[in-house]
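Visitor: I would like to learn how to read a protein structure, feature by feature. Could we begin with the way helices pack against one another?

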Amino acid sequence: MKLLGRATAIRLEPSYWEGLEEICRREDLTVDELCADVQDRMEQQSRRAAQSGVSLANALRVFVVGYFRQAATERGHARAGHGQGRPFISTPFDTVPVSSDS
């Protein structure tokens, strides 16, 4: 990935990369463009708050979760089967078998 013309490596879990790619598809941006914008906004906030220390990878994780949380609706949750005491349904952990040692 290139940020501000420089090659940059960012370590994210596969589900976050998938989320970034989906956001980019929906917003008609490249991953490089979106990451550069997140980095720029993160730096602006750091200057205003006179604090830093948040990595770009962490900022991207927060951004992806925030983007999809804003898009979530009660109707969408109901379609996904949420709200029935089974929080893992329709998530990456839905297919993990429950093992019993007894």
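Guide: Let us start with the words for angles: those under 35 degrees count as roughly parallel, those over 145 as roughly antiparallel, those from 65 to 115 as roughly perpendicular, and the rest as oblique. Please keep in mind throughout that what you see is a predicted model.

Visitor: At what angle do the axes of α1 and α3 cross, and what do we call that arrangement?

Guide: In general, two packed helices are described by the angle between their axes and the distance between the axes. Here the axes of α1 and α3 cross at roughly 55° and come within 10 Å, and these two helices are therefore oblique to each other. Their crossing is left-handed. On the side of α1, the residues that take part are Y16, G19, L20, E22, I23, R26 and E27, and they meet L60, R61, F63, V64, V65, Y67 and F68 in α3.

Visitor: At what angle do α2 and α3 pack?

Guide: For α2 and α3 the angle is about 105°, and their axes are 10 Å apart, so this pair is roughly perpendicular. The contact is made by L34, C35, V38, Q39 and M42 from α2, together with L56, A59, L60 and F63 from α3.

Visitor: How many residues does the largest nonpolar core have, and which have the most contacts inside it?

Guide: The largest nonpolar core has 14 residues, and those with the most contacts inside it are I10, L12, L20, L34, V38, L56 and L60. Each of α1, α2 and α3 supplies at least two residues of this core, and the largest share, 5 residues, comes from α3.

Visitor: Let us turn to charged side chains. How many salt bridges does the structure hold?

Guide: The structure holds 3 salt bridges. One of them joins R61 and E13, whose closest N and O atoms are 3.0 Å apart. R61 lies in helix α3 and E13 in the loop between β2 and α1, so the pair ties together parts that are 48 residues apart in sequence. E13 is partly exposed, at a relative accessible area of 37%.

Visitor: How many residues apart are E22 and R26, and how many D37 and R41?

Guide: E22 and R26 form a salt bridge at 2.8 Å from N to O, and they are 4 residues apart in helix α1, which separates them by about one helical turn. E22 is partly exposed at 28% relative accessibility, whereas R26, at 51%, counts as exposed. In the salt bridge between D37 and R41, the closest N and O atoms are 3.0 Å apart; these residues are 4 residues apart in helix α2, again about one helical turn. D37 is partly exposed, with a relative accessible area of 33%, and R41 counts as exposed at 51%.

Visitor: What is the phi of D28, and where is D28 found?

Guide: The general idea is that most residues other than glycine have a negative phi. D28 has a positive phi of about 55°, although it is not a glycine. D28 is found in the loop between α1 and α2, and at 70% relative accessibility this residue counts as exposed.

Technical notes: Residues are numbered from 1 along each chain as its sequence is written. This is a predicted model: local features need pLDDT of at least 70, side-chain atom pairs count only at pLDDT 80 or more; totals for chains, interfaces and linings use all residues. Side-chain values use heavy atoms; hydrogens and water are left out. A salt bridge is a side-chain nitrogen of Lys or Arg within 4 Å of a carboxyl oxygen of Asp or Glu. Buried means under 20% relative accessible area, exposed over 50%, partly exposed in between (1.4 Å probe, protein chains only). A nonpolar core is a set of buried Ala, Val, Leu, Ile, Met, Phe, Trp, Tyr and Cys residues joined through side-chain atoms within 4.5 Å. Axes are lines fitted to C-alpha atoms, for helices over the stretch in contact, and angles run from 0 to 180 degrees between N-to-C directions. A crossing is left-handed if the near helix is turned anticlockwise from the far one by less than a right angle, and right-handed if clockwise. Contact means heavy atoms within 4.5 Å.
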